Amino acid sequence: MDLPKRFTISFIGPNAVYYILLISLFFLVYEYYKYKLQVNETIFYFFLIFVLFQIISLAHGLIVYPYYDSIDISQLTKLKYLNDKFNISLDNNIIVATWLFFREGKNIILSSFYFCFIPFLFVHVFAGDYKKAIPFAEKAVLVLVCLFCLYSIPEILYLKCNSQIAKYILETINPLIYDIVCFHGWWPPLLWNHNGGQLRSLCQEPAFFCVIALFCIPFLISYIYKNFSLKNVLIFILFMFMLFMSKSRTGMILFVIEIIMIFSLFLYDFNKKKLYFILTLLFCIFFSAFINTNIPNKINKQKEQETFKNYIDNNLMSAVKLDSRSNKARLSNVIAMTKVGLSNPVLGVGKGLKDVYIIENIPEFAKKDKETNTWVTKFKEKGFKSTFPVLNHYAYVFAENGIIGLIIFILPILYVFYMICKNKFLLRNFDFVIMLITFIGQLFSMLGQTYFLTYPVSLGLLFLYINNVTNNKYKINTPNES
């Protein structure tokens, strides 16, 4: 997700997926010139509107930006280098505004490209046979789950047994998959010892792992249902065990919502096979939870065995307690971003310009909060190199691009649900509902994080199915399952 800078190209970004997408783009350009492939107009025009509005919002935000005096040009390393080398004789504010326009403009184009290109790839690659998309996604998810499990074997041994060999393995591997302690003076840590030790697998923090796990779970369950075997059931038990070890409150809440939707799917056209499968899933989930609570984390040095009730209280019920864990900082972040959007409702403040506005809108109850003050201090020290984290993507879009930008962002979501209402027979298709559950899980996850690339993947799969219906090229047949 966030490779070390020494392994990346700064212009492209740190996510390994970006490089795969750009390679795909080169192949598509070649294919276009040789075979004149057809570009999906809906995705193309959405991309243009999405980019154009963000550019307009950025230009407006830079024109009215009232905090140029607080920007230290030395915090913008590349700009300082160019300014010193060419001795640019322009007003400092103009230099900074021009630099930010081109820098954030580049970020807008790239992020919008990644967001729109993934759905386009699904539509293009599976245009001939949309039914191949789900088996492909299920197998890809199975590979991803196995990679998570493989990495987490030493992680589990470290957290549960305090194995020094496992600790050494993690300390060796982690600096190779992301930069250590590169944000806010502590994040991401070399080892995640917070809250008695939490599993985060290949991700920088447990909550990130949970967002991707929530994407994987519906596809994994679908794959196991179609390919039932002891091996696949054991993989599911291990993955559930890892999910419980993450102790992510947001992840646990969203898991409960997602698993209820999955069980509701199996209750449709109910039969013995589905009953046995639901009972198997329930056994796997409760067995994983039981093992997790009965084997305490040794690095926690906890004397008393954690009960299931304590686990629920600490990792589910604590989500609604203001003073629990990082709740105060998270809530203040979302409130401040929402206030920024309300103060600039039409166009927002512009891409990358939200942070100084956020400082002015931090609520009173969080002004003495340690984590909130760390964000403020680090931003004042490092400026645009240490920005406030995004803890609600909808509030983030609202703050930077206003209500118009937010409407544009959720247009694909509205389109999906509009088309489902218009074509209700889609809900009788097992594969489509699995994709829909995954999609809804990603929508909920954006209430507590920025969106991950798992969101445009789930959107792309749904759009692929819906696109085939609206073009009347294919008919989606409801499978007769026994």
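Mentor: A nonpolar core is a set of buried Ala, Val, Leu, Ile, Met, Phe, Trp, Tyr and Cys residues joined through side-chain atoms within 4.5 Å, and buried means under 20% relative accessible area (exposed is over 50%, partly exposed in between; 1.4 Å probe, protein chains only). The model is predicted, so local features need pLDDT of at least 70 and side-chain atom pairs pLDDT 80 or more, while totals for chains, interfaces and linings use all residues. Residues are numbered from 1 along each chain, and side-chain values use heavy atoms, without hydrogens or water.

The largest nonpolar core has 158 residues, and the members that touch the most others are Phe209, Phe239 and Tyr455. The most residues in this core, 17, come from helix H4 (residues 92-125); helices here are DSSP runs (H or I, at least four residues; strands are E, at least two), numbered from the N terminus.

H7 (residues 206-226) packs with helix H8 (residues 230-246) at an angle of about 160°, and their axes are 11 Å apart. H7 is therefore roughly antiparallel to H8; angles over 145 degrees are given that name, those under 35 are roughly parallel, 65 to 115 roughly perpendicular and the rest oblique. Axes are lines fitted to C-alpha atoms, for helices over the stretch in contact, with angles from 0 to 180 degrees between N-to-C directions. On the H7 side, the contact is made by Pro206, Phe209, Cys210, Ala213, Cys216, Ile217, Leu220, Ile221, Tyr223 and Ile224. H8 contributes Asn232, Val233, Phe236, Phe239, Met240, Met242, Leu243 and Ser246. Of the residues in this contact between H7 and H8, 16 are nonpolar, two are polar and none is charged. In that division Ala, Val, Leu, Ile, Met, Phe, Trp, Tyr, Cys and Pro count as nonpolar, Asp, Glu, Lys and Arg as charged, and the others, Gly among them, as polar.

Leaving aside neighbours within four places in sequence, Phe239 is in contact (heavy atoms within 4.5 Å) with Phe209, Ala213, Cys216, Ile217 and Leu220, among others. The contacts of Phe239 also include Val145, Phe148 and Cys149.

H7 has another partner in helix H16 (residues 430-445), with which it packs at about 165° and an axis separation of 8 Å. That angle makes H7 roughly antiparallel to H16. From H7, the residues taking part are Val211, Leu214, Phe215, Pro218, Phe219, Ser222, Tyr225 and Lys226. Their counterparts in H16 are Phe430, Asp431, Ile434, Met435, Ile437, Thr438, Gln442 and Ser445. Here the contact of H7 with H16 comprises 10 nonpolar, four polar and two charged residues.

Within H7 lies Ile212, which is buried at a relative accessible area of 10%. Apart from neighbours within four places in sequence, Ile212 is in contact with Met1, Leu144, Phe148, Cys203, Phe452 and Thr454.

Most residues other than glycine have a negative phi, and most peptide bonds are trans. In the loop between helix H6 (164-177) and H7 one finds Pro188, and the peptide bond joining Trp187 to Pro188 is cis, with omega about -10°. Lys247 belongs to the loop between H8 and helix H9 (249-267). Although not a glycine, Lys247 has a positive phi of about 55°, and its relative accessibility of 9% makes it buried. Asp269, in the loop between H9 and helix H10 (272-294), is another residue other than glycine with a positive phi, near 55°. In H10 itself, Lys272 is exposed at 61% relative accessibility.

Ala329, Arg330, Ser332 and Asn333 of H12 meet Glu371, Thr372 and Trp375 of H14. This contact of H12 with H14 divides into two nonpolar, three polar and two charged residues.
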